[in-house]
Amino acid sequence: MPDLVEIIVSLLIIIGAGFTFLGSLSLVKLPDFFMRLHGPTKASTLGTGAILVASALYFSLKVGEISVHEVLITVFLFITAPVSAYMLAKAALHLKLKQQDQTRNKELSQKDH
């Protein structure tokens, strides 16, 4: 495998691990549900996607065929993560979950949905 590909795969894994760590950290540290929703849905999805792209690139070049498994998982992840985050946020607004003072757009939760 060429050195340039190994560097690209390594960078994608490091970037993916960093974003996944930030998403996990935000899930633990942020104070309310609406703030916590951003970390796992955005950062962790991007991190997992970067790791899956690195895996697809590595195994595609190693075997000589396109690695369909990782591509399908990546597509499925990028389709389902925003939809599930939207549904969780909609459910939280409907249940009128308690919000911190720092949460933005509080007026949206005051409206009837």
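Where is the kink in α2 centred? Some notes on this predicted model, starting there.

1. The kink sits on Ser-44 and comes to about 30°. Ser-44 belongs to helix α2, which runs over residues 33–63.

2. Is Ser-44 buried or exposed? Its relative accessibility is 13%, and the cut-off for buried is under 20%, so Ser-44 counts as buried. Leaving aside residues up to four places away in sequence, Ser-44 touches Phe-19, Thr-20, Gly-23, Ser-24 and Gly-39.

3. I also looked at the length of α2. With 31 residues at 1.5 Å a residue, α2 should span 45 Å, and the C-alpha atoms at its ends are 43 Å apart, so the two values agree.

4. On to the partner helix. α3 covers residues 68–95, and its axis comes within 9 Å of the α2 axis, crossing at roughly 175°. Angles over 145 degrees count as roughly antiparallel, so that is how α2 lies relative to α3.

5. Who meets whom here? From α2, the contact residues include Phe-33, Phe-34, Leu-37, Leu-52 and Phe-59, along with Thr-41, Thr-45 and Thr-48. On the α3 side, among them are Val-71, Ile-73, Leu-77, Phe-78, Leu-88 and Leu-93, plus Glu-70 and Thr-74. By type, the residues of this contact split into 16 nonpolar, six polar and one charged.

Key: Residues numbered from 1 in each chain as written. Predicted model: local features only at pLDDT ≥ 70, side-chain atom pairs only at ≥ 80, totals over all residues. Heavy atoms only, no water. Helix = DSSP H or I, 4+ residues; strand = E, 2+ residues; numbered from the N terminus. Buried < 20%, exposed > 50% of the residue type's maximum accessible area, 1.4 Å probe, protein only. Contact = heavy atoms within 4.5 Å. Expected span 1.5 Å × (residues − 1). Bend = angle between axes of the 7 residues up to and from the residue. Axes fitted to C-alpha atoms, helices over the stretch in contact; angles between N-to-C directions. Parallel < 35°, antiparallel > 145°, perpendicular 65-115°, else oblique. Nonpolar A, V, L, I, M, F, W, Y, C, P; charged D, E, K, R; others polar.
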